[in-house]
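Here's a quick briefing to read with the structure open beside you. Have a look at the picture first, then work through the notes below.

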Amino acid sequence: MGTLYLVATPIGNLEDITLRALRILREVSLIAAEDTRTTRILLDHHSITTPTTSYHEHNKGGREGALLQALERGDVALVSDAGSPGISDPGFELVNAALAAGHTVSPVPGPSAVIAAVSASGLPTDQFVFVGFAPRRAGALADWVAQLRTETRTTVLYEAPHRIGETVAALAAAFPSRGLCLARELTKRFETFWRGRCDEAVAHLQAHPPRGEFVVVLAGAVTGVSEVWEEARVHAELRERLARGVSGRDAAAQVAALSGWSRRDVTREIDRVKYSAAIYPRSES
Ligand code: SAM
C-alpha cells in the first residue's frame, strides 16, 4: 500500500516551499500535477527529476485508476498549479478513492491563498468560513450573497480578475458598510492589500482595473445590529430585478433575504414599485 501525499506548492513566490515538500517530491515514484508544464518549472528550479503525469479537472475521472495502480507500487504526490491541492483545485475525488482502496493519505502543508489572505486581512481570524468561488449567473449570485446576510464569521472567497467587479458590486449592494479586504497577487512582486468598506471597494475597483489574482475577505455581520434597509433601497433593488426579468415572486424572496424585511412586506411593495415605475419611470434612484 502506498501513500498519497498532498503537497502544497508556492502561490507566487518560488521560495515558499517547505523542505519536507521538496524531499517528498524527490522521493515519490510519481507526481500527479494539475499542469505538468507548470510543475516542471518548480521541479527544474529545485533539480527534481521525478516523473510527472497530469491530473486535472477534465481528466481526473479517467486518471484515477492509473494513479491507484501507481499507489500499489509506490508513493505518489499530488500537486496543483499553486497552493494546496484540493482547495478549489482537483484532489477531493482522488483522496476519497485512495482512502477507499486502503492507501494512506498524508498532507504536506504549505501555502494556500485563503490562509495567507485571511491572516493579513486585519479582519477577525478566530473563526472564518471559506466559500470558494462566487456563482457566475446574476440570480445565483444574488441568492448566494443573500445567504451571507446573517453570517457573523469572517468570510473568504476566491475570485478571478474579470469577475471581481461584479462580485464585489453584489456584496456592496447587500452590505455597503461592511469591511472588505482585497488581497491581490499574494507573495508576488505586486502584492497589495486594499482594506475599506464594501461600497468603497466598488469605486476602488473602477479606478484601478483589477489585474492578477484576488482573494476577497468580507467582515462578518455584527451580532445584534440588524442591517435593515430603507424603503427607497428596497424599491430600488426590486426595480432592478424586475427590469432584469426576474419574476415578482423571486425578486421579493431575494430582496427579503437581503434587506431584513419580511417577505410579506417586500411582496406588498412590489405593486407600489410597478405602479411608480409605470407612471414615474425615473422617480427614485
Ligand atoms: N489551491 C489554491 C490554494 O490553496 O490557494 C487555490 C486554487 S484556485 C483554482 C485559484 C484562486 O486562488 C485564484 O483565482 C485566486 O482567487 C486565489 N489565489 C491563488 N493564488 C493567489 C495569489 N498569489 N494571490 C491572490 N489570490 C490567489
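This is a predicted model: local features need pLDDT of at least 70, side-chain atom pairs count only at pLDDT 80 or more; totals for chains, interfaces and linings use all residues.

**Salt bridges**

- Let's stay with that pair for a moment: Arg272 also counts as partly exposed, at 42% relative accessibility.
- Arg241 pairs up with Glu240 in a salt bridge, and their closest N and O atoms are 3.8 Å apart.
- Is Arg241 buried or exposed? Arg241 counts as buried, because its relative accessibility is 4% and the cut-off for buried is under 20%.
- Glu240, on the other hand, counts as partly exposed, with 36% relative accessibility.
- Salt bridges with shared partners link Glu231, Asp265, Arg268, Glu269 and Arg272 into one network.
- Over in another pair, Asp199 makes a salt bridge with Arg197, with 2.6 Å between the closest N and O atoms.
- Asp199 counts as partly exposed at 31% relative accessibility, and Arg197 is partly exposed too, at 34%.
- How many salt bridges does the structure hold? The count is 17.

**How the chain is divided**

- The chain splits into domain 1 (3-111), domain 2 (114-140 + 151-218) and domain 3 (231-279).

**Where domain 2 meets domain 3**

- On the contact list, 7 residues of domain 2 touch 5 residues of domain 3.
- Together, domain 2 and domain 3 bury about 370 Å², and 45% of that is on carbon and sulfur atoms.
- What about salt bridges between domain 2 and domain 3, how many are there? The count is 0.
- Polar contacts between domain 2 and domain 3 come to 1 residue pair, with both residues at pLDDT 80 or more.
- On the side of domain 2 that touches domain 3, helix H6 (138-147) and helix H7 (161-174) each supply at least two residues.
- Which helix gives the most to that side of domain 2? H7 does, with 3 residues.
- Sorted by class, the side of domain 2 that touches domain 3 has 6 nonpolar residues, 1 polar residue and no charged residues.

**A look at Val114**

- You'll find Val114 in helix H5 (residues 113-120).
- Val114 is buried, with a relative accessible area of 7%; that puts Val114 in the buried class because the limit is under 20%.
- Which residues does Val114 contact, if you skip its neighbours within four places in sequence? Ile87, Phe128, Phe130, Val156 and Tyr158.
- Take Tyr158 from that list: Val114 and Tyr158 are 44 residues apart in sequence, yet their C-alpha atoms are 7.8 Å apart in space.

Notes
Residues are numbered from 1 along each chain as its sequence is written. Side-chain values use heavy atoms; hydrogens and water are left out. Domain bounds come from an automatic or database domain assignment. Contact means heavy atoms within 4.5 Å. Buried area is the accessible area (1.4 Å probe) that two parts lose on being put together, summed over both. A salt bridge is a side-chain nitrogen of Lys or Arg within 4 Å of a carboxyl oxygen of Asp or Glu. A polar contact is a pair of N or O atoms within 3.5 Å; within protein, one must be able to donate a hydrogen and the other to accept it, and residues adjacent in sequence count only if both atoms are side-chain atoms. Helices (H or I, at least four residues) and strands (E, at least two) are DSSP runs, numbered from the N terminus. Ala, Val, Leu, Ile, Met, Phe, Trp, Tyr, Cys and Pro count as nonpolar, Asp, Glu, Lys and Arg as charged, and the others, Gly among them, as polar. Buried means under 20% relative accessible area, exposed over 50%, partly exposed in between (1.4 Å probe, protein chains only).
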